[in-house]
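Please read it with the sequence and the structure open.

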2 protein chains.
Amino acid sequence: MRFLFSISFLLSIISLSADDGYRLWLKYDKISNATALKNYSKKIKSIQITYDNTDIIQSAVHELQVGLQGLLSKEIPIASANHGAIILEKSPKVINNEGYWLTFDGKNIHIQSSSDKGILYGSFALLRTIQTLQPIENMDITDAPKIAIRMLNHWDNVNGTIERGYAGSSLWDWYDLPDVIDSRYIDYARANASIGINGTSVNNVNASARFLSQEYLKKVAALANVFRKYGIKTYLSVRFTSPIYLSGFKTADPLDPEVRQWWKNKATEIYALIPDFGGFVVKANSEGEPGPQDYHRTHADGANMLAEALAPYGGIVMWRAFVYKADLKNDRATESYTEFKPLDGQFNENVLVQVKNGPIDFQPREPFHPLFGAMPKTPLMMEFQITQEYLGFATHWVYLGTLFKEVLEADTYAQGKGSTVSKVIDGTLDHHQISGIAGVANTGSDRNWTGHTANQANWYSFGRLAWNPEMSASEIAKEWIRMTLTNDQNAVNKINDIMMNSREACVNYMTPIGLHHIMGEGIHFGPQPWLEKSGRMDWTAIYYHRADSAGLGFNRTSSGTGALNIYAPEVIAAWNDPDKIPLQYLLWFHHVDWNHRLSTGNTLWEELCKRYHDGIKQVDGFIDEWQSVKSFIDAETFYYIENKLKRQRWEAEWWKDACLLYFQTYSRMEIPSQYPKTNRSMDELKDLVKLYQMR
Amino acid sequence: MRFLFSISFLLSIISLSADDGYRLWLKYDKISNATALKNYSKKIKSIQITYDNTDIIQSAVHELQVGLQGLLSKEIPIASANHGAIILEKSPKVINNEGYWLTFDGKNIHIQSSSDKGILYGSFALLRTIQTLQPIENMDITDAPKIAIRMLNHWDNVNGTIERGYAGSSLWDWYDLPDVIDSRYIDYARANASIGINGTSVNNVNASARFLSQEYLKKVAALANVFRKYGIKTYLSVRFTSPIYLSGFKTADPLDPEVRQWWKNKATEIYALIPDFGGFVVKANSEGEPGPQDYHRTHADGANMLAEALAPYGGIVMWRAFVYKADLKNDRATESYTEFKPLDGQFNENVLVQVKNGPIDFQPREPFHPLFGAMPKTPLMMEFQITQEYLGFATHWVYLGTLFKEVLEADTYAQGKGSTVSKVIDGTLDHHQISGIAGVANTGSDRNWTGHTANQANWYSFGRLAWNPEMSASEIAKEWIRMTLTNDQNAVNKINDIMMNSREACVNYMTPIGLHHIMGEGIHFGPQPWLEKSGRMDWTAIYYHRADSAGLGFNRTSSGTGALNIYAPEVIAAWNDPDKIPLQYLLWFHHVDWNHRLSTGNTLWEELCKRYHDGIKQVDGFIDEWQSVKSFIDAETFYYIENKLKRQRWEAEWWKDACLLYFQTYSRMEIPSQYPKTNRSMDELKDLVKLYQMR
């Protein structure tokens, strides 16, 4: 009996060729364009090394060999040929220690640098050039990073969980370390090096004192041994009271000589194990973490004690400015500024103050943090959040390149027009010797690293922008798409379109027109604008949206909390008038009448309804656009993202319904009839939130 | 300049061919033995299906095609050829609904069954036969499972963490479900089906009420849709007070008519979404979980209410017997017996009582649970723990096949000699219609699924023994080795030797001679025999080891707690005399003088010292044996296990030192001089424990 048979789609896509996302943007699949393949192949036949045989050079050569073997489908031996060779060579002409010079002289490709790290970065640049099918005939690329310290912050706990992690558990297996080196550690380092990241802090800023024990330092050293081969320094988040925990001290007072000596000894111990140790990340006197204020000392006292201990070894302290007192008297948006601004000039040379991009906490959109530009005597580090704590976890496709750029390009006017956040960060505005940028990682043990294949682009774009804040978000997105998904020009454009609009869509369906912090308590991916009680007033939603029968929004002008007034006069001027402030910040700074007519011609209520529905429409658009590129995408990846978008659509609708129905109880106006009616009730929506909050 | 170059070992092993363990035992690599390959290839050319086109048949065909394509390195089309075909056919001759008949008639291979599930199991059996290079010339295998319900219990939480999980985070992404079906769900189902597992309970027994909401049931249904294609039923752990949580009830009293109706309605709702839903797993009135006793009802009242709700749909209740009162009056080892034995005969027909293998809690070694054989009117289910909560987490290579067998073969003497636990479980001893066995899963999001590649064998052996408890642990180990690591006969024997001795080694370096529950509080992989205070007396170590200046061990005879007396007279007779009881249970039941001479000729103290050192020596032996098979093992796998063994060795020494130095404070005798002296002090060892317990 003959039988017509069809294996279901689900089964068919798990064939061996399906892509599970593990390889990130380092795919190295054979180039499918025959002309391009032939062209590259002709020019690349071997690798020649005229540089010292360092571990980093070995990493570069390994990457070139693996990458080119994949891309060109042929072995690239190490040889001394003088035609068709990639020559890795030392060049004093490349001044920046991490920069490289990449050229083709008609016969050979040259990767030149004054350091092995530069050679490594140049090697990745060459691979990227080929992966994205760029011509190499006239290649003459000089590139060097604009920010010195470009690092990931992992909020990983000793038990393997990750605070605000949505991609599985920690990459680090503390039980098995230092003995077991998971091959994933190497792939992690490769991925970081490929985008220029040169530092990583491996543990949560809510830090366990364990990490400073000899036992754990050995484990950290084992990771550092891997990362070092890729030019990555290892950092640790430290608990300020470690001397108490680890050595039974009665105090951790930063002015106590014994405490100071303890940290000096500890630094010596660390550097004996990790000679290139980067330094400490510190969250102090914030959200329950201990700090110098517990001993009536300042943040500067605390930071300088650690800085003094690390200084002999070249280590640095990254002291976080994310603080807000539990006994809230002022607007939370001013807290960090109020505490840190007076300390400007009091920090040691090897201290950076690490400031979140906005004054609250990684919301879908915030104005730039008022400390940027306000502490000229202190090198300020940027802290971005790559993990999407408030942007839909790993479920929503939200490209953060545009968010990062928006902040970097914001003008602080600290020294007149053009005093962008970017220039504060890279040290050029105030002539600082050190500069840094950190991203809170979105990586975890999930096979695709980031819990959503498309959000690998956020790790990627963070790294690329840390290297060069001048790159455009779209340019970076396109690189990533070509390396990760497809080189088809039309498909690249369509996917780029999704990415470039994705964050605005998220803002629209979550917190449009300057709304913020209206997410669910304990479930930051869902809405809870009705949240009116919490452990602290500034953990509620009503503290921030201030909805009432008159209108909506947080008055932070002089007639309100006055928080706007800590910005530069030019910024105040631009944002002080509710009719002139960019709509995206309107409700952040102003309480606006429901019937107030905005620049769009709509009343606030109409605009609010429009924006929430726009957000949904945009996701619908992404779904359609994604369908249109189906034939260019690996089947498993396509199917995975297709279904992620469905879930995103569902959650977007949840936000839209919850927020509009709730705000409607204040506006007492109908949702304009052009929008589809929801058939859900407030009670249903509240129950749904409660369900996701249930034990 | 020519340059001699060597890529480091670490780098070289992450080439594309390295094995990250993801494929488990379903490797399907091309057969390297040329003769065998030729022989199989000649006999297998196509697949012919004369069975209905069900989803399960599709799964079988897909697996055969993928598997054979890999093993034989050629495509196996679906065709109607009558020579060289694998014919999937219905056969009424195979009585057991899940059984199969696998034959070769000289021309074709026949996989016959009365059900599509049988065909699926037969297909995996054929693949296993080929993977392990068994001859098929005279193949005539009839096989059927001896236990009806063979399931995994996942202790996975809604937030993605896994209670007692050491392999990353949960496999289930509750945020993305029901929309996103991770391809890993399919691979999970394939792996389970390949070893005959036909049920899975997806959430922690400390259950969230969320799972019974419509919202979450849809998510569970999406998983069930995948599992169903592989003959796997989906079960849920339920929170007894769900009506209170989900519907605002004032009570969850199992005799309350409205509560009973709530559960009936809930069952109807579940089966509308999951027509083949398996049933409920319930942890009630145990360790803080709510249950019928909160309403002065019995476990039977509670179980029967749920059973009544599920009965119309064929669902079952698995009611866990793991209970022990907080106000401990008796020996904890008798608690479960005391509560459940009187209820024998009171449970509905579709209730199974799920009993852990031993009376305490998954210790490295326990005598069999006294309830086995003691409740003839109730079908008892076995609960094994595959995850190594007390056996070194995912760091230690401990093959549990021998542990499982030891328990299954234990004789309860309930109906005279030969009344093994195995016969209690499979229902033959007391003629029960339903029978079941559960294993607490060791799976997680780690790329190798189980956190230690070698411990994939524990998942494997659980499934194989659930199917057929008569198989030997060694036979199963060898199957697994051949499928996972190597087919080289000599290497198979050496690895089998490691595996067969691995659990005894673990018992030796952790809890020899019947010691138990002396692990660290909150860190169950480490030692803390000195633990004398905890939330409850029976959470300490001293409660169990009862060390004093006279001797060591827990007197559970009539002169002690009398816990031994709840076993059958034959068992009591065998274990009552400290000079006759098998040494492995000695300190479980007897307090023995330090100087008491044992059957080995050693005093207790000498034997204790010997056993702890034996454990270390055994791990040293494993390290040597593993080195000796290096050339037969994939490089990444070899390196990974090699280093895991180093860490295991380190922890074994920690146990040995901590336990011997501590017990020495009671024995006041020297550690015999033939053993290497430790240079660690008790204080150091205690500090190490404290460190791993530090926030």
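A cavity is here a set of grid points where a 1.4 Å probe fits but cannot get out, and its volume is the space filled by probe spheres set on those points. The model is a predicted one, and in it the largest cavity holds about 80 Å³ of space. In total, 18 cavities of 30 Å³ or more are counted.

**The largest cavity**

The residues that line the largest cavity are B:Ala321, B:Phe322, B:Val323, B:Tyr324, B:Arg332, B:Glu335, B:Ser336, B:Lys356, B:Gly358, B:Pro359, B:Ile360 and B:His369. By class, this lining is made up of six nonpolar, three polar and three charged residues, and helix H10 of chain B, which spans residues 332–340, provides the largest share of the lining with three residues.

**The contact between the chains**

Chain A and chain B each bring 78 residues to their contact, and between them they bury about 6700 Å², of which 61% is on carbon and sulfur atoms. Eight salt bridges are counted between chain A and chain B, and a salt bridge joins the side chains of B:Glu289 and A:Arg695, with 3.3 Å from N to O. Polar contacts between the two chains amount to 28 residue pairs, counted where both residues have pLDDT 80 or more. On the side of chain A that touches chain B, at least two residues each come from several helices of chain A, among them H3 (55–72), H5 (183–194), H20 (635–667) and H21 (682–693). Helix H20 of chain A gives the most to this side, with nine residues, and the residues of this side of chain A divide into 35 nonpolar, 20 polar and 23 charged.

**Backbone geometry**

| Cis peptide bond | Omega |
|---|---|
| A:Leu177 to A:Pro178 | near 5 degrees |
| B:Leu177 to B:Pro178 | near 5 degrees |

A:Pro178 is located in the loop between strand E6 (149–153) and helix H5 of chain A, while B:Pro178 is located in the loop between strand E6 (149–153) and helix H5 (183–194) of chain B. A further backbone feature concerns A:Phe362, which has a positive phi of about 55 degrees although this residue is not a glycine; A:Phe362 belongs to the loop between strand E11 (351–356) and strand E12 (380–385) of chain A.

Conventions: Residues numbered from 1 in each chain as written. Chains lettered and ligands numbered in written order. Predicted model: local features only at pLDDT ≥ 70, side-chain atom pairs only at ≥ 80, totals over all residues. Heavy atoms only, no water. 1 Å grid on protein atoms, 1.4 Å probe; cavity = no way out; pocket = protein on both sides within 12 Å on 5 of 7 lines; lining within 4 Å. Helix = DSSP H or I, 4+ residues; strand = E, 2+ residues; numbered from the N terminus. Nonpolar A, V, L, I, M, F, W, Y, C, P; charged D, E, K, R; others polar. Contact = heavy atoms within 4.5 Å. Buried area = accessible area lost by both parts, 1.4 Å probe. Salt bridge = Lys/Arg side-chain N within 4 Å of Asp/Glu carboxyl O. Polar contact = N/O pair within 3.5 Å; in protein donor to acceptor, adjacent residues only side chain to side chain.
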